[in-house]
Amino acid sequence: MSSLSPEFWVAVAFAGFLLLAARPISRMFCKMLDARSAQIASELAEARRLREEAQDVLAACQKRQRESLQEAEAILSGAKKEAEIMVAQAETQLKTALEKRKKLAIDKIAQAESKALQEVQNHVVDIAVSVARTIIIGHLARTGDEETVKQAAAELERKLH
């Protein structure tokens, strides 16, 4: 036995120590690996839960977006219809106002024509009376009774107007 060197005995002791320590060390490593595996599994489960939650939130947001878009389209459609109604009413009111103004203008023109015709007729009567007076006065002046002529001329003017 003396042929074995001390290094051999150190190596044998070290190997024995490793064999004895291997089981508790492997258990410790297994526990650490199990704990790490459990932590990773927990994190994966949390990530899945968060992903599902995010998908639910996304779906809800997309649904709200679609509903909002439909509501906006309905509002826009209603506003277009209302605008068309307002345009139609404005056109009707404009036509009515134009017709009223046209009628008023025609009435004013008719009144102006009537007044002008009346003025022309009055002027013609004045001219006729003046001419008749001049003729009658001239004729009566030649024949005599000037006072009767003036009375007749005044009466003629009163009757013609």
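Buried denotes a relative accessible area under 20%, exposed one over 50%, and partly exposed a value in between, with a 1.4 Å probe and protein chains only. By this scale Asp107, at 34% relative accessibility, counts as partly exposed. The structure is a predicted model, in which local features need pLDDT of at least 70 and side-chain atom pairs count only at pLDDT 80 or more, while totals for chains, interfaces and linings use all residues. Residues are numbered from 1 along each chain as its sequence is written, and side-chain values use heavy atoms, with hydrogens and water left out.

The description starts with helix 1, which covers residues 6–143; helices (H or I, at least four residues) are DSSP runs numbered from the N terminus. Helix 1 comprises 138 residues and spans 192 Å from its first C-alpha to its last, close to the 206 Å expected at 1.5 Å a residue. That expectation is 1.5 Å times one less than the number of residues. Helix 1 carries a kink of about 40° at Ala22, shortly before the proline Pro24. The bend at a residue is the angle between axes fitted to the seven residues ending there and the seven starting there. Further along, Lys100 also lies in helix 1, and its C-alpha atom is separated by 91 Å from that of Ala38, 62 residues apart along the chain. Lys100 is classed as exposed because its relative accessible area is 56%.

Phe8 is partly exposed at 37% relative accessibility, and Trp9 is partly exposed at 42%.

Val12 lies in helix 1 and is partly exposed, since its relative accessibility is 37%.

The charged side chains form 3 salt bridges, each being a side-chain nitrogen of Lys or Arg within 4 Å of a carboxyl oxygen of Asp or Glu. One of them links Glu46 and Arg49 at 2.5 Å, N to O. These two residues are 3 apart in helix 1, so about one helical turn separates Glu46 from Arg49. Arg49 also forms a salt bridge with Glu53, the closest N and O atoms being 2.7 Å apart; Glu53 and Arg49 are 4 residues apart in helix 1, again about one helical turn. In an α-helix there are 3.6 residues a turn, so residues three or four places apart point the same way. Glu46 is partly exposed at 34%, as are Arg49 at 40% and Glu53 at 42%.

Asp107 and Lys103 meet in a salt bridge of 3.4 Å, N to O. Both lie in helix 1, 4 residues apart, about one turn of the helix. Lys103 counts as exposed because its relative accessible area is 52%. Salt bridges that share partners join Glu46, Arg49 and Glu53 into one network.
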